[in-house]
Amino acid sequence: MLSNRQLFLNHVAQTSPAPLMLEIERAEGLYMYDVSGKKYFDLIAGISVSNLGHGHPAVVAAVKQQAEKYMHLMVYGEFVESPQVKYASKLSEHLPENLSNIYFTNSGTEATEGALKLAKRYTGKTGIVSFKNAYHGSTQGALSVMGDETFKRSFRPLLPGITLLEFNNEAALANITTDTAAVIIETVQGESGVTIPSKSFIQKLRNVCSEKGALLIFDECQAGLGRTGKLFAFEHFDVVPDVLLLAKALGGGMPLGAFISSKEIMHCFTENPVLGHITTFGGHPVCCAAGLTAFNILVEENLTAPVAAKGSFFDTLLTHPKIKSKRHIGLLMAIEFESFEQNKKIIDRCIEKGVLTDWFLFAPQCMRIAPPLIITEQEIKTACNIILECINEVA
Ligand code: PMP
């Protein structure tokens, strides 16, 4: 009989020449346990998803309860489904007034797609500005605004009318014109290896978009929902976008994304044509029930408050002559080594020793650290000691 590992390689579509191939049997809190019983510290939270750690009992209970009441009933936007309505209302309580209309999707990529369509429709324009080293998803629209040629080249032609600007470069903002329908930007770039823009850049961007009549889209699929130490990353910059994208942690471990705007802007999707954006499963009741429960815990237990200090603690502990640079905002961290090869060796050694980290798509020389927000000081110490040991062994 073939093992699960062999079946995985034979029948599950492969996108990596060297998948991690961990076979996890169960996961709880900060930890994952593989089929041999080996325990791993999860320092990446399924790429910024598991804010509360794995298997939070309240989230699991919400999933069970909702699954027993009903799962899929009807395509998006027709029925009044209580988990969706409650979650949309709750999110809008915590967002500025112009971000109170929520379109739920299945993923971050679809949130990007919906937002780009919305901007074209609302402004009647077609130009879209995005930034170098940006990641907004992998479908053809989202790929068009990706800021990395290596990942785009083989899939052209993509969307026309895209202008890529230098991130965090105020002079480059002169390329936003009255033909620009939207500027899409990660409030803090993730896959570039954690790039934090200056407040003045983001504020200037806001002003230019308003002047030129372009919608400003903040992609916080990765940086939102407490990861950076604020509930929403845009709070660091005292600026409010026209459209906000959320995903990853939004579903509390279930697939859920959203693009969020004002009722006025979102209204474009109801006429000329009707059904301007369609999804069968977006805002699935079980995903919304899980997400709402996770969001309530995040807010009520104020799990965002200690995030900045936890990030700084990591930063202090991870000091080693082989580390070339470090960047972090809250619990979104990049630890830079000399090369991808060195980084990968350290990452692999960490996995052998039971600590799961990763690299970044556009910064393969950087180690990604983005653990569940519930990680404790003691767990940070233990994990950092193991990482330092691995650096010593490998480098
Ligand atoms: N935007 C950003 C900033 C992301 O980091 C990601 C996922 N890495 C996405 C969009 C796409 O999300 P998904 O994989 O859920 O489609």
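**Salt bridges and a buried threonine**

K90 has a relative accessibility of 22% and counts as partly exposed. Here, buried denotes a relative accessible area under 20%, exposed over 50%, and partly exposed in between (1.4 Å probe, protein chains only). The model is predicted: local features need pLDDT of at least 70, side-chain atom pairs count only at pLDDT 80 or more, and totals for chains, interfaces and linings use all residues. Residues are numbered from 1 along each chain as its sequence is written, and side-chain values use heavy atoms, leaving out hydrogens and water.

K90 pairs with E93 in a salt bridge (a side-chain nitrogen of Lys or Arg within 4 Å of a carboxyl oxygen of Asp or Glu). The closest N and O atoms of this pair are 3.3 Å apart. Both residues belong to helix α4 (residues 82-93). They are three residues apart there, and thus separated by about one helical turn. Helices (H or I, at least four residues) and strands (E, at least two) are DSSP runs, numbered from the N terminus. E93 is exposed, at 56% relative accessibility.

By the salt-bridge rule, the count comes to 14. Another of these bridges joins D238 to K199, with the closest N and O atoms 2.7 Å apart. This pair links distant parts of the chain, 39 residues apart. D238 sits in the loop between β8 (215-219) and β9 (243-246), while K199 is in helix α8 (residues 199-212). D238 is exposed, with a relative accessible area of 57%. K199 is partly exposed, at 39%.

A further bridge connects the side chains of E393 and R349, at 2.4 Å from N to O. E393 lies in helix α13 (residues 377-394) and R349 in helix α12 (residues 340-352), so the bridge ties together parts 44 residues apart in sequence. E393 has a relative accessible area of 41% and is partly exposed. R349 is also partly exposed, at 24%. Both residues belong to a network of salt bridges that links R349, E352, K353, E389 and E393.

T357 is found in the loop between β13 (355-356) and β14 (358-360). Its relative accessibility is 0%, so T357 counts as buried. Contacts (heavy atoms within 4.5 Å) exclude, for T357, residues up to four places away in sequence. On this basis, T357 touches L43, I44, I347, M367, R368, I369 and I387.
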